[in-house]
Amino acid sequence: MQSLLHALIPLLLCLSANAQEAGYHVDDTIELATLGNGNADHAAIAINHFGDTVIVNHTSATSTQKAVELNALAPLGMARSDGFKLFNTRQLADPSLNIFGVGNDHCSKPDVESLGDGSFLAVWSRHDLSGVQPSRIEICKISTRNIFGNLLPQVRILSTRTGEGFLLDDTSNSGDAGFMPDIASSKAAGSTKAMVVFAHEQSAYISQTNTFRDYDLRVKKIYWPPDSSSPTLGPLVTLETNIPLDNANTEAYAGGLVLPDAVIDDVGALTIVYESYVIAPHHGHFGPPEGSIQLRRYSPNLSLLNEITFHGHGTERHQRRPMIATSDQDATNKLILGWNDIDDNRSLAHRAQFRSVTFTGNTSGYTTPTVIPWDESFGHKDDLVNVAMSRYSKLVMATRTLLNRKVLYGTLMQTRRPPATNEFAPNSDQPWRPAMAIHDLPDSRGLNYLCFEGPSASDPSLNRIHLTIHILR
């Protein structure tokens, strides 16, 4: 019976696809629908082995409160001309539920990842804007297909109730970091395991000249079987402690802090990158401030395997917003990472930094990290870097600010092809903050699913999430 089912799945997929009309085709650029009434931003994107894609972002619910929503699409066949089905926009996190009971719910900065069984997990944080109640981290499960591999008529969302996710944690302090939880998921066939990583603010002290902060790096394991309506959660584990994120009071940070990004690699190890910045005399540090990106790698049982420190052009500079990517299909344990290298006074050119490192199985061994070349001859600013990786392709990208516009500038590295640097989304108006995922094609090329922020076609004063899917050549 099982072998018959496997034989029928391609036919069922074909019949299901042919019965639906495409709402999107490769090389189109579209503005995704939003349920909000203001800006839609901070998109994250994930793709499963079918090529189904889920995009999550937060959007304005009121002038001060954010909600979290999703858009999804799925291929209608194997041919490029078959196009994609666009699902209806759905709300994941609703601030009007007033969970804190004080009328100030605020849901923001989501992440999404696919699981090995083809489903997706989405996570976000919920805050009380009045600061009375502790913040929460919530999670839900998203399905685009049934157990036979057929597309569902609408995305299925497993949650506590509409607009409220399952509670992952309400004991941690978001503090100045603001919470930006990140999901690392296992892509092994059939796997439903993942981990959510985030930063907890231990303390913050303001002196006459500086602000000194310390953070914990925390993680929680998640197991969500296909036949379960709710997840099984592991204990809250502290991986690292006393992570400094200081600043001079004349140069206060804007936006989130620490911002861990994580992946699970070929052997099930968890690798996390996060930012650090220390000012004397914090932690006994003396001399000029020191900024770095920290990489930590842990075995499946969360014992520490590796510690690597990355610096930019100068150790006194802020190293911000790291991103990391890997592939479980490339037969090596290679990872790529990128981040922004920012001057202290934030008035000079921002830089993009990219590295590659290969780890030796489930041990502490690794190759010397190598620099991924990046053109800095333009003389302007690169911000909001991102990285993506598949079996055949590695792509690094940044938002480049030119004299009169922003562009998405990226370098593509593919098997048996020389690196190529290009402008992405060249026909879009002021694109920035890229989010991307690569799906390999049978001929070793890849489809790049690229989201970015840009002005709305109906109201250029508002940001919207835009999507383009294109073949990497």
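Contact here means heavy atoms within 4.5 Å of each other. The model described below is predicted.

In soluble globular proteins, nonpolar side chains tend to be buried together. The largest nonpolar core of this model holds 24 residues, and Tyr-215, Leu-270 and Ile-272 have the most contacts inside it. At least two residues of this core come from each of strand 13 (193-206), strand 14 (210-223), strand 15 (232-244), strand 17 (261-264) and strand 18 (270-278).

Which residues is Ile-272 in contact with, leaving aside its neighbours within four places in sequence? They are Val-197, Leu-217, Leu-239, Pro-260, Asp-261, Ala-262, Gln-294, Leu-295, Arg-296 and Tyr-298.

An open sheet is built from four strands in the order 17-18-19-20, with antiparallel pairing. Strand 17 and strand 20 (304-310) are at the edges and have a single partner strand each, so one side of each is left without a neighbour in the sheet. On average, neighbouring strands of this sheet are turned by 20° against each other, direction ignored. Strand 17 and strand 18 run antiparallel and are joined by four bridges. Within this pairing, Ile-264 has Leu-270 of strand 18 as its bridge partner. Leu-270 is also one of the residues with the most contacts inside the largest core.

The loop between strand 17 and strand 18 contains Asp-265, and strand 19 (residues 290-298) contains Arg-297; the two residues are 32 residues apart, and their pair links distant parts of the chain. Their side chains meet in a salt bridge, at 3.0 Å from N to O. Asp-265 is buried, at a relative accessible area of 5%, and Arg-297 also counts as buried, at 0% relative accessibility.

## Other salt bridges

The count of salt bridges comes to 19.

| Pair | Closest N and O atoms |
|---|---|
| Glu-138 and Arg-136 | 3.0 Å |
| Arg-213 and Asp-176 | 2.7 Å |

Arg-213 belongs to strand 14, while Asp-176 sits in the loop between strand 11 (166-169) and strand 12 (182-185), so the pair ties together parts that are 37 residues apart in sequence. Arg-213 counts as buried at 6% relative accessibility, whereas Asp-176 is partly exposed, with a relative accessible area of 40%.

In the pair of Glu-138 and Arg-136, Glu-138 is buried with a relative accessible area of 0%, and Arg-136 is buried with a relative accessible area of 12%. Both residues belong to a network in which salt bridges that share partners join Asp-105, Arg-126, Arg-136, Glu-138, Arg-161 and Glu-164.

Is Asp-330 buried or exposed? Asp-330 is buried, yet has no salt bridge, and the nearest side chain of opposite charge, Lys-394, is 6.7 Å away. A salt bridge requires a side-chain nitrogen of Lys or Arg within 4 Å of a carboxyl oxygen of Asp or Glu. Apart from its neighbours within four places in sequence, Asp-330 is in contact with Asp-266, Met-389 and Arg-391.

Strand 21 and strand 22 run antiparallel and are joined by seven bridges; in this pairing Met-323 has Gly-338 of strand 22 as its bridge partner. Strand 22 also pairs with strand 23 (residues 351-358), in the antiparallel sense and over eight bridges. There, Ile-336 is opposite Ser-356 of strand 23. Eight of the nine residues of strand 22 are buried, so this strand is largely enclosed by the rest of the structure.

## The sheet with strand 1

Another open sheet has four strands in the order 1-31-30-29, and its pairing is antiparallel. Strand 1 (29-31) and strand 29 (432-440) are its edge strands, each pairing on one side only. Neighbouring strands of this sheet are turned by 20° against each other on average, direction ignored. Strand 30 (residues 446-455) pairs with strand 31 (residues 463-472) over ten bridges, in the antiparallel sense. Leu-450 is opposite Thr-468 of strand 31.

Conventions: Residues numbered from 1 in each chain as written. Predicted model: local features only at pLDDT ≥ 70, side-chain atom pairs only at ≥ 80, totals over all residues. Heavy atoms only, no water. Core = buried A, V, L, I, M, F, W, Y, C linked by side-chain atoms within 4.5 Å. Buried < 20%, exposed > 50% of the residue type's maximum accessible area, 1.4 Å probe, protein only. Lys, Arg positive; Asp, Glu negative; His and termini not counted. Pairing = 2+ DSSP bridges. Axes fitted to C-alpha atoms, helices over the stretch in contact; angles between N-to-C directions.
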